[in-house]
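Morning, everyone. Let me put the chain on the screen, and then I'll walk you through it.

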Amino acid sequence: MIKHRRNTEKNLLTDRILAEIKRQKLEKTPYCVQCGSRNNLQLGHVFSRVCKSIIFEWDNLHIQCESCNNYHEVNPEPFNNWAKRNIGIEKFNYLEAKSKQIKKWTVPELKEKLKRLRCVDERNKRNVETIQSRYARQKG
Ligand SMILES: [Zn+2]
């Protein structure tokens with residue numbers, strides 16, 4: 001059997017969720033959180049995406065450039081230290097503990113996750129628009 005990643009519904013949904021998270025993260029930090037580069041930006045995982053339990057955790061995911069992301073696999077210390085400083089030691093420890101749990105996502109769970117991500121994003125956008133239009137009215 002050839003062992004490569006198949007285009008199963010689960011894998012496709014996983015990719016779509018991660019793409020959606022990346023898009024939302026890029027709106028906040030359109031640069032590598034570690035070195036500030038704006039080239040070859042990727043969605044970096046503090047704890048490896050191999051651990052399915054934390055694959056979509058917001059605090060586990062940060063924008064990194066390709067070289068910082070690759071270096072994290074060789075030496076996880078700099079990005080781990082960055083994460084400890086930026087998400088806080090409690091969340092870091094929580095992610096580390098959770099990364100050791102076994103999690104198997106089901107297709108309905110993944111669909112729900114994607115739907116919720118989009119809903120929250122829509123809601124946030126509407127709030128921003130409301131604030132902006134209120135501000136515009138006050139000014140005008
Ligand atoms: Zn970088």
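Which exposed residues does the face of H2 turned away from its buried side carry? Glu73 and Val74.

A word on provenance. This is a predicted model: local features need pLDDT of at least 70, side-chain atom pairs count only at pLDDT 80 or more, and totals for chains, interfaces and linings use all residues. Residues are numbered from 1 along each chain as its sequence is written.

Back to H2, residues 66–74. Its buried residues are Cys68, Asn69 and His72. They sit on the same side of H2 because they cover an arc of only 100 degrees around the axis, taken from the directions from the helix axis to the C-beta atoms. They pack against strands E1 (41–45) and E2 (61–65), and against helix H3 (77–87).

Now the overall layout. The protein chain has 5 helices and 2 strands. These are DSSP runs, numbered from the N terminus: helices are H or I, at least four residues; strands are E, at least two. The order is α-β-β-α-α-α-α.

Next, the core. The largest nonpolar core has 17 residues. By that I mean buried Ala, Val, Leu, Ile, Met, Phe, Trp, Tyr and Cys residues joined through C-beta atoms within 7 Å. Cys32, Val46 and Leu95 have the most contacts inside it. E2 gives the largest share, 3 residues.

Last, Leu95. Beyond its neighbours within four places in sequence, it contacts Val46, Phe47, Ile54, Glu57, Asp59 and Asn60. Contact means C-beta atoms, placed from the backbone, within 7 Å.

Key. A residue is buried if 20 or more other C-beta atoms lie within 10 Å of its own, exposed if 12 or fewer, and partly exposed in between; C-beta atoms are placed from the backbone. Two residues are in contact if their C-beta atoms, placed from the backbone, lie within 7 Å.
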